[in-house]
Amino acid sequence: MSRNLVELIRRHDQAQAPTALDLLKSAVADHGSVTAEDVQDAAAASGLPEATVYGVATFYDDLQGPRGARHVRACSGTACFAATAGRHISELGAGLGLGVDEVKADGSVSFGEVVCLGFCHSSPALIDGSTVSAGADAVTALLAGSPAEAAEPDWVSLLEEPVLTRPGDWSGLERTLRELEPEQLLAEVVAAEVRGRGGAGFPAGVKWRFTRAAAGAEKFIVANGDEGDPGSYIDKYLMERNPNLVLEGMALAGYAAGAAHGYILVRSEYPLSKPSLDAAIRQAHADGWLGSDIRGSGFAFDITVVEGAGSYVVGEETALLACLQGLRGTVSARPPFPAERGVHGMPTVVNNVETLANIPHIARHGAQAYHDLSPDSKTAGSKLVCFNERFNRPTVYEVPFGMSMRRLCDEVAGGLRDGRTVKALQIGGPLGGILPARLLDTAFDFDQLAAEGCMVGHGSIVAFDETTDMRALTVHLLQFGAHESCGKCFPCRIGLRRAHEMFSSGAPVDQQRFEELLEALELGSLCAHGSGMPAPLRSLLAHFPDELGLAG
Amino acid sequence: MQVTVDGVAVEVSDGATVLEAARQAGSWVPTLCFDDRQAPFGACRACMVAVDGAAKPVPACTTVCRDGMTVDTNDPTARRVVSAVVELVMSELPSPPAPHTELAQVATRLGVSGSRWPGVTHQVEHDLRHPYLAFEHELCISCGRCVRACDEVQGTFALTAVGRGFGANVAAGIGSGFLDSACVSCGACADTCPTDAITERLLLDGGINGGPPPDAPRLRKRLSTT
């Protein structure tokens with residue numbers, strides 16, 4: 001990230017100016033596209049150079065045209081692929097008389113794809129303006145002009161005492177401000193060994209300690225609510241059903257790390273998340289849990305919610321920081337780590353929303369109680385998992401670590417619908433390996449999934465049934481990978497495009513050349529997007545070689 | 001602190017990168033996005049090396065030295081990744097880079113000629129309106145050196161990365177070219193470009209006083225023979 005641009009943004013932030021990205025989003029909302037004049041205006045108002053703002057305008061999905069008065073999009077996420085093999089996209093386009101990224105000549109309607117609306121429990125999902133509809137009849141209903149707003153199933157906890165699905169009540173912060181010094185809370189979180197829930201599994205306490213120790217006039221807490229993993233709707237549920245728990249976790253992080261301000265970056269694909277968090281923040285101010293002198297303790301903490309604009313890689317922490325500051329959401333090489341140089345160049349903790357939701361429990365009950373939540377696993381705490389529409393009871397479940405994937409699929413989510421059978425699962429998002437049905441006795445746990453080339457990731461469990469064409473799944477994954485590459489590092493920028501070309505052409509794929517490409521992606525890429533995409537592809541090569549159309 | 005690169009022990013200061021240590025030791029590490037006038041960027045992944053015998057190579061330009069570190073710039077795995085990266089870069093250009101360019105020289109030294117992964121190449125698009133600077137976008141490999149030169153060296157911010165994924169490129173101003181941007185014609189971008197995507201036009205080519213601008217391939221040929 002350019003230090004000069006970050007410094008320009010920091011100075012402008014003190015004048016409370018909106019970011020360039022906010023201004024460009026407003027332009028699209030106002031008149032459907034970003035014009036040269038919009039770029040110039042956004043540059044003048046945000047204090048950034050015109051070329052820089054132009055670069056931002058060309059990066060995010062939400063800023064790309066064409067856009068009609070009515071904008072209809074079909075979800076191209078993996079759960080929707082598992083449900084229809086992509087037919088809902090072609091059927092909706094045909095019904096509207098539009099191809100993807102086309103607009104009617106009179107400007108009345110435009111059609112596009114969107115990567116995961118988080119209605120994976122009811123696929124396929126569509127969004128018309130900001131109204132989401134979902135289900136097997138959704139395309140027909142939308143084309144008939146009567147789309148029903150999609151409902152979301154309640155979440156369920158398997159724990160006797162729910163941790164993440166318990167409504168946040170600020171009791172962890174209340175106890176902390178009464179009994180614990182910041183160093184004591186930090187020590188508890190380090191001892192609890194909270195592993196990051198966003199996918200990487202990095203210990204949260206270590207990030208906090210680095211940030212606390214780093215020199216900086218101010219420090220920041222950033223909650224990563226950019227849940228871009230197709231098939232996941234865990235953070236969506238947390239932000240929309242339990243925003244207080246997330247806010248409390250952020251305030252506790254601020255207390256321990258020495259920060260007075262927090263940001264939450266939420267996805268624009270979740271139009272209800274920002275309003276939910278904003279309302280909870282207002283209530284917390286009214287109740288004295290946020291503000292300048294929280295409950296007379298002298299501790300000050302406030303939170304701002306920022307909405308993204310369509311980019312998967314913005315879920316990577318350095319890209320997230322760039323997006324938060326209104327820049328292109330590209331990845332930066334580390335070091336410097338965010339703990340050293342983050343928001344406005346200041347020390348910053350970046351934690352996933354679910355990670356932060358674990359903290360109030362630790363603050364209230366201590367590290368040992370947190371370890372006791374998952375007695376059958378080396379991993380501490382509980383985990384939210386979510387299932388796709390292929391299952392009988394798809395929703396978000398709070399589970400201990402260590403259950404077998406078979407129990408999760410059969411007992412928790414009720415097995416597959418309509419007597420279908422599991423062919424394979426993709427666990428933890430698009431960078432997670434694919435587990436074939438014969439390995440369902442693998443435990444849901446960081447180490448045991450890793451042994452099968454899979455990962456806990458963010459906790460989504462997407463089942464493919466016996467009708468899924470594994471070559472089509474390969475093309476689906478690579479299309480996503482190539483589309484979402486931020487374009488910074490060469491292996492990912494070019495390699496994912498080439499991998500997609502190899503499989504989408506329909507021609508036999510030279511396995512050796514493909515594996516050589518995977519090596520370059522895995523070992524050469526700058527971030528987990530390029531280095532992680534090979535995991536599911538290797539699983540497919542290992543478990544379904546006969547279905548991939550390989551040669552040589 | 002002391003670092004050993006390819007068997008040669010060198011003394012480096014705190015915060016030195018593996019790339020700096022390698023150069024100090026006289027070892028060649030290929031680079032494409034690196035320019036020692038700019039902060040390390042870590043985009044091209046051509047500088048991958050092995051450190052302390054680990055199986056996974058690391059980028060030399062953004063990895064900081066630790067005391068006692070051993071670096072192998074010829075590690076077979078690292079070299080495989082580097083060659084693959086350079087092959088991928090060559091595959092995105094519609095025509096091979098001119099022999100004098102950094103990209104061509106890195107490819108030659110690595111023994112990379114063709115690509116195992118041919119595919120779509122960049123669309124040919126030329127900005128030849130500016131009197132001093134020509135931009136042939138199809139030769140751009142998105143290394144970001146020109147954008148950073150304009151930011152970190154010149155402080156003009158006339159250039160930006162645009163697009164994303166394979167469609168990434170560089171644009172001047174609001175996509176309208178050098179002439180309509182904040183460009184002050186300093187030439188720092190052309191100076192650092194490793195592929196001649198951006199080149200300086202010569203006064204004698206007639207760009208200034210209304211003569212027809214030379215076509216870009218001729219320009220490149222001239223530069224490559226001087």
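# Close-up views of a predicted two-chain model

**View 1. Chain B as a whole.** Chain B contains 6 helices and 10 strands, and like everything shown in these views it belongs to a predicted model. Of its 226 residues, 57% count as buried, while the chain exposes about 9300 Å², of which carbon and sulfur atoms supply 52%. When contacts in chain B between residues at least 6 apart in sequence are considered, 59% of them join residues that are at least 24 apart.

**View 2. The surroundings of Thr17(B).** Thr17(B) is placed in the loop of chain B that runs between strand E2 (8-11) and helix H1 (18-24). Its relative accessible area is 12%, and because buried means under 20%, Thr17(B) is classed as buried. Apart from neighbours within four places in sequence, the residues in contact with Thr17(B) are Ala60(B), Cys61(B), Thr63(B), Val64(B) and Cys65(B).

**View 3. The two domains of chain B and the contact between them.** The domain assignment of chain B gives domain 1 (1-121) and domain 2 (126-204), and the centres of these two domains, taken over C-alpha atoms, are separated by 24 Å. To their contact, domain 1 of chain B brings 18 residues and domain 2 of chain B brings 17 residues. Between them the two domains of chain B bury about 1600 Å², with 53% of this area on carbon and sulfur atoms. On the side of domain 1 of chain B, Arg37(B), Gln38(B) and Glu92(B) supply 31% of the area buried against domain 2 of chain B, which is more than any other three residues supply.

**View 4. Domain 2 of chain A against domain 5 of chain A.** Chain A is divided into domain 1 (2-58), domain 2 (70-143), domain 3 (168-370), domain 4 (373-465) and domain 5 (470-551). The C-alpha centres of domain 2 of chain A and domain 5 of chain A lie 26 Å apart, and their contact takes 5 residues from domain 2 of chain A and 5 residues from domain 5 of chain A. The area buried between these two domains of chain A is about 420 Å², and carbon and sulfur atoms give 72% of it. Within domain 2 of chain A, the residues that lose the most area to domain 5 of chain A are Thr78(A), Phe81(A) and Val115(A), which together account for 85% of what that side buries.

**View 5. Aromatic pairs of chain A.** Over all chains the count comes to 14 aromatic pairs. One of them is formed by Phe299(A) and Phe301(A), a stacked pair with 6.1 Å from centre to centre and 20° between the planes; both Phe299(A) and Phe301(A) are buried. In the pair of Phe503(A) and Phe514(A), the ring centres are 4.8 Å apart and the planes stand at 75°, so this pair is edge-to-face. Phe503(A) lies in helix H20 (residues 490-504) of chain A and Phe514(A) in helix H21 (residues 511-524) of chain A, so the pair ties together parts that are 11 residues apart in sequence. Phe503(A) is buried, with a relative accessible area of 2%, and Phe514(A), at 1% relative accessibility, counts as buried too.

View 6. Helix H11 (residues 234-241) of chain A is mostly covered, with 7 of its 8 residues buried; the buried residues are Ile234(A), Asp235(A), Lys236(A), Tyr237(A), Leu238(A), Met239(A) and Glu240(A). Tyr237(A) also forms one aromatic cluster with Trp155(A) and Tyr233(A). Elsewhere in chain A, the charged end of Arg267(A) sits over the ring of Tyr270(A), 4.8 Å from its centre, and the charged end of Arg493(A) sits over the ring of Phe490(A), 4.8 Å from its centre.

**View 7. The surroundings of Ser171(A).** Ser171(A) lies in helix H8 (residues 171-179) of chain A. Its relative accessibility is 17%, and because the limit for buried is under 20%, Ser171(A) counts as buried. With neighbours within four places in sequence left aside, Ser171(A) is in contact with Arg166(A), Glu248(A) and Arg364(A). Ser171(A) and Thr474(A) are 303 residues apart in sequence, and their C-alpha atoms are 47 Å apart in space.

Notes:
Residues are numbered from 1 along each chain as its sequence is written. Chains are lettered from A and ligands numbered from 1 in the order in which they are written. This is a predicted model: local features need pLDDT of at least 70, side-chain atom pairs count only at pLDDT 80 or more; totals for chains, interfaces and linings use all residues. Side-chain values use heavy atoms; hydrogens and water are left out. Helices (H or I, at least four residues) and strands (E, at least two) are DSSP runs, numbered from the N terminus. Buried means under 20% relative accessible area, exposed over 50%, partly exposed in between (1.4 Å probe, protein chains only). Contact means heavy atoms within 4.5 Å. Accessible areas come from the Shrake-Rupley method with a 1.4 Å probe; for residues, only the protein chains shown count as cover. Rings of Phe, Tyr and Trp (its six-membered ring) pair if their centres lie within 6.5 Å; planes under 30 degrees apart count as stacked, over 60 as edge-to-face and the rest as tilted. A charge sits over a ring if NZ of Lys or CZ of Arg is within 6 Å of the ring centre and within 35 degrees of the ring normal. Domain bounds come from an automatic or database domain assignment. Buried area is the accessible area (1.4 Å probe) that two parts lose on being put together, summed over both.
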